[in-house]
Amino acid sequence: MNTAKLRLFCATIFGLIVSQSSAQVGLTPSSSTVFAGYASVSYEAATDTDFKNDFTASFSPVFLYDLSDDFLFESELEFGLSGEITTTSLEYAQIDYLGFENWQIIAGKFLVPFGLFGERTHPSWINKLPTSPLLYGHAHGGVAEGGALLPILSDAGVMTRYKKNLNNRWSLDFTGWVSQGPRAAPGSEDSHEEEPDDHEEAAPFVQTRYVTNSSSRLGEDDHDEEAASEIPGVGFGVAFSDNNSNKMIGARLGLVSGPTFEAFVSGFHARYDDEDNLDVVATNLAIEYRSGQWDFKSEGILMWQDVVRGDEIEVLNRSGFYLQLARRRGAFEPVVRWSQIPESSFNGQIAFEEKSEISFGINYWLQPSIPLKISYHADFDSEDHIYVQWAYGF
Amino acid sequence: MKKTFLTLAILLIPALNAQSQDPSAISTGAELWAANCTRCHSARSPMERTASEWKTIVNHMRVRANLTKSEAFAISAYFDALAPKTASLDIQSEGRGIFVPTHTSFVPFIAHKQLQFASTKSVAEDHTTNATNESNE
């Protein structure tokens with residue numbers, strides 16, 4: 001190779017290398033670490049005869065660490081204060097590989113993309129009301145609280161995402177994941193783990209429910225153990241170790257039209273007992289529509305949980321939905337939401353009573369990430385609640 | 001001579017890749033920003049963060065909103081054009097420090113359109129100014 005050819009070869013290699021480099025760093029280089037997140041302070045008052053009111057607070061710092069243009073490490077902690085309990089949780093801690101044009105690969109603990117509320121909308125500065133819809137308990141991971149169907153799902157595993165733009169307006173959005181999956185609550189017949197002494201400390205598991213054959217409805221403490229059918233609580237994302245060899249497998253498929261319309265179908269299957277016998281399956285349909293200052297969100301969930309009854313396995317069906325409509329008028333944003341979980345029966349008895357709630361709220365947006373929310377939640381089966389919440393996204 | 005031209009052409013490839021200076025990329029980024037970010041939350045002002053911080057945040061949001069790599073790049077180009085390059089008091093005063101509601105803060109899409117127009121206009125003006133200066137020189 002003569003000198004001229006060598007120079008041309010070196011120039012070619014140099015040009016291509018610099019070309020690739022500038023394609024990656026054509027913009028201002030990314031900041032290696034970014035601190036973001038959100039926080040809120042809430043006041044809640046119940047309207048029953050034993051008037052109760054509480055202040056609660058939460059702080060959820062998000063840490064982003066750019067390992068390179070293609071690798072991002074991100075995690076979110078959540079510190080909460082509620083009554084006498086201070087809660088801490090690791091909402092997610094994941095590494096993202098972003099080197100492909102259409103695909104993403106995520107590993108670690110992530111928000112499970114089941115529906116849209118849990119993964120996207122639940123942060124207090126994004127959620128248009130101070131509370132979650134009845135479908136979802138307030139805890140991240142663990143067992144759904146207060147008869148809710150599911151907690152905000154967060155679990156450890158691997159996830160992949162794919163986006164295909166069909167044309168200038170419509171796109172296809174796919175996510176699939178494999179994660180540790182749920183486990184039966186400690187102390188239940190399907191779990192070998194011992195139940196902690198203090199039920200409050202046992203959170204995020206809720207007490208196991210029992211359905212009896214007597215005339216009484218479900219009881220948590222006053223059951224006749226010989227006649228009762230146990231419906232174990234199912235905990236999600238509560239530990240980095242799995243209680244069985246089965247993994248949760250799930251997927252979400254969505255059709256998105258610009259900022260206007262989104263429809264997502266998602267579902268998962270897992271086995272939650274120690275012996276890999278009991279299934280829990282859930283499906284979700286989420287539809288959102290935005291037009292001008294109007295914002296409509298909705299989600300519906302169908303869930304099937306295997307429960308042992310004697311020598312047989314029977315299925316407990318549960319379902320629920322919410323519809324939410326908001327309209328921005330300048331700095332103000334009125335919101336209304338209807339949530340409902342129909343009654344579910346097991347073994348001829350009511351396992352979970354119907355829950356329904358209508359919520360009216362009005363938000364005042366101090367800044368695009370700082371809403372002041374006031375809302376009234378009418379629960380048709382128990383007392384009503386008033387909330388005032390100041391949220392801050394940073 | 002032929003080899004010299006070839007070498008120069010190869011060395012010019014990086015300049016062709018500098019998409020961040022392309023007004024159409026910024027405009028596309030602004031549209032993608034409005035189309036994707038406002039699906040979940042109010043649009044945040046580019047002035048809240050430095051350009052380098054936005055680049056990391058856009059990567060974070062790329063996962064959440066399931067954006068393609070080129071979409072994330074275009075949105076980063078949009079922030080790169082508008083956000084301050086270094087942290088300063090401007091970020092506090094123009095971004096999130098002052099609790100004085102402004103009309104544009106509350107109407108994300110209008111704000112986006114204004115920013116889009118401003119960014120395209122300012123980039124176009126920069127290009128025009130640079131071209132004029134170069135021709136004068």
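Chain A holds two helices and 24 strands, where helices (H or I, at least four residues) and strands (E, at least two) are DSSP runs numbered from the N terminus. The model is predicted: local features need pLDDT of at least 70, side-chain atom pairs count only at pLDDT 80 or more, and totals for chains, interfaces and linings use all residues. Residues are numbered from 1 along each chain as its sequence is written, and chains are lettered from A and ligands numbered from 1 in the order in which they are written.

Of the 394 residues of chain A, 41% count as buried (20 or more other C-beta atoms within 10 Å of the residue's own, with C-beta atoms placed from the backbone). Contacts require C-beta atoms, placed from the backbone, within 7 Å. Among those in chain A between residues at least 6 apart in sequence, 53% join residues at least 24 apart.

In chain B, helix 3 (residues 51-65) packs on helix 4 (residues 69-82) at about 155 degrees, with axes 9 Å apart. Axes are lines fitted to C-alpha atoms over the stretch in contact, and angles run from 0 to 180 degrees between N-to-C directions. The two helices of chain B are therefore roughly antiparallel (over 145 degrees). Residues of helix 3 in this contact include Trp54(B) and Val58(B), and those of helix 4 include Ile75(B) and Phe79(B).

Methods: Parallel < 35°, antiparallel > 145°, perpendicular 65-115°, else oblique. Contact = placed C-beta atoms within 7 Å. Buried ≥ 20, exposed ≤ 12 C-beta atoms within 10 Å, placed from the backbone.
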